[in-house]
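Here's a quick briefing to read alongside the model. Have the viewer open and follow along.

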Amino acid sequence: MSGIARVTIEFIPLDNILIPQLTSKVSKTLLLRLLKNARRIIRLVSINEPYKPLALSMIYHKGRYLYGTKKSNRVIYLKKGNRYSFDVTFLSSELIKEMIKVIIKEMPETVQPLYDGKVLIHGISVEYKDFDKISINFENSFKMEFLTPTQFAVKHVSSITRFRLFPIPTLIYLSLVRCWNKYAPKHLSFNEEKLVGRVAVSVFEADWGNLKPVTIIHNKKTVIRGVTGWCIYQIYDEDVQKASQKLLAYAEYVGVGKSRTLGLGRVKITIP
């Protein structure tokens, strides 16, 4: 088994429940309760390392991710009786096997406590895809929609990590190829330096819209800054275009940029 698995969990609140602006905290809380017997997965959800072997989404409702911003100071409630979902993508075969064992063979309790209320786990589905089957067909341009705030970590000369918000092609491809190479079979890996170097001179922004920085409150001391909107990119290199067929399809499962276990960097790829 060499592939990725996306688990989608649908739930229905049995009460009106006030939740944090960063709704991936809700996803994490429910995931840890559902996988309480999967110790390795629980440990990996909390460790601090780049390109973790799983990506966790924010809560979404009717196809839209829910989150609040510092500017709007929005209060978010899960409304009693509505259907909500979140998903988690597992990138290593060991985790996939452990997840299947826990979810399929040891189905969790259908009612789970959540903050000051309870939710009914309405359904759990699993989608598996081999690495060699991950692909999207397009010619020389694509549109990337940034559905949740997206940021890119860049090491400063002083070794301090800084964050860039504008989704320039090299940062997008660098985050994708590093995550891909960490988990894909060796024969499917990319030469990072060569590919990103070619991206720098052959992939250009052709158009963009609604690109704006947003700030989410993480906790009392920390805020998260990211960008949402969309951008169209044009590719002028056949090898980069070929690699993009895999990497961009992968992006729809794992996201781009930093903090993918917080639900940041979720994207949708379409052909303009």
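This is a predicted model: local features need pLDDT of at least 70, side-chain atom pairs count only at pLDDT 80 or more; totals for chains, interfaces and linings use all residues.

Residues are numbered from 1 along each chain as its sequence is written, and side-chain values use heavy atoms, with hydrogens and water left out.

Helices (H or I, at least four residues) and strands (E, at least two) are DSSP runs, numbered from the N terminus.

**The open sheet**

- Four antiparallel strands make an open sheet, in the order E13-E14-E10-E15; strands count as paired if DSSP finds at least two bridges between them.
- E13 (203-217) and E15 sit at the edges, each pairing on one side only.
- On average, neighbouring strands here are turned by 10° against each other, ignoring direction.
- E10 and E15 run antiparallel and are joined by 4 bridges, and Phe146 stands opposite Val267 in E15.
- H6 lies across E10, E13, E14 and E15, at about 140° to E15; angles run from 0 to 180 degrees between N-to-C directions, with axes fitted to C-alpha atoms (for helices, over the stretch in contact).

**H4 against H6**

- H4 (residues 169-183) packs on H6 (residues 238-254) at about 80°, and the axes are 10 Å apart.
- That makes H4 and H6 roughly perpendicular (65 to 115 degrees; under 35 would be roughly parallel, over 145 roughly antiparallel, the rest oblique).
- On the H4 side, the residues include Tyr173, Leu176 and Trp180, and they meet H6 residues including Leu247, Tyr250 and Val254; contact means heavy atoms within 4.5 Å.
- By class, the H4 contact with H6 has 12 nonpolar, 1 polar and 1 charged residues. Nonpolar covers Ala, Val, Leu, Ile, Met, Phe, Trp, Tyr, Cys and Pro; charged covers Asp, Glu, Lys and Arg; the others, Gly among them, are polar.

**Two cores**

- The largest nonpolar core has 40 residues, and Phe131, Phe142, Met144, Leu176, Trp180, Tyr250 and Val256 touch the most other members. A core is a set of buried Ala, Val, Leu, Ile, Met, Phe, Trp, Tyr and Cys residues joined through side-chain atoms within 4.5 Å.
- H6 gives this core its largest share, 9 residues.
- Leaving aside neighbours within four places in sequence, Trp180 contacts Phe131, Ile134, Leu188, Ser189, Phe190, Lys246, Leu247 and Tyr250.

**E9 and its partners**

- E1 (residues 3-13) pairs antiparallel with E9 (residues 117-130) over 11 bridges, and Ile12 stands opposite Leu120 in E9.
- E8 (residues 111-114) also runs antiparallel to E9, with 4 bridges, and Leu114 has Gly117 as its bridge partner.
- The hairpin of E8 and E9 has 2 residues between the strands, and Tyr115 there takes a positive phi near 55°.

**Two residues in the loop between H6 and E15**

- Lys258 is in this loop and counts as partly exposed, at 33% relative accessibility. Buried means under 20% relative accessible area, exposed over 50%, partly exposed in between (1.4 Å probe, protein chains only).
- Lys258 and Phe152 are 106 residues apart in sequence, but 5.6 Å apart in space, C-alpha to C-alpha.
- Arg260 is found in this loop too, and Arg260 is buried, with a relative accessible area of 8%.
- Beyond its neighbours within four places in sequence, Arg260 has contacts including Tyr51, Leu91, Cys179 and Val254.
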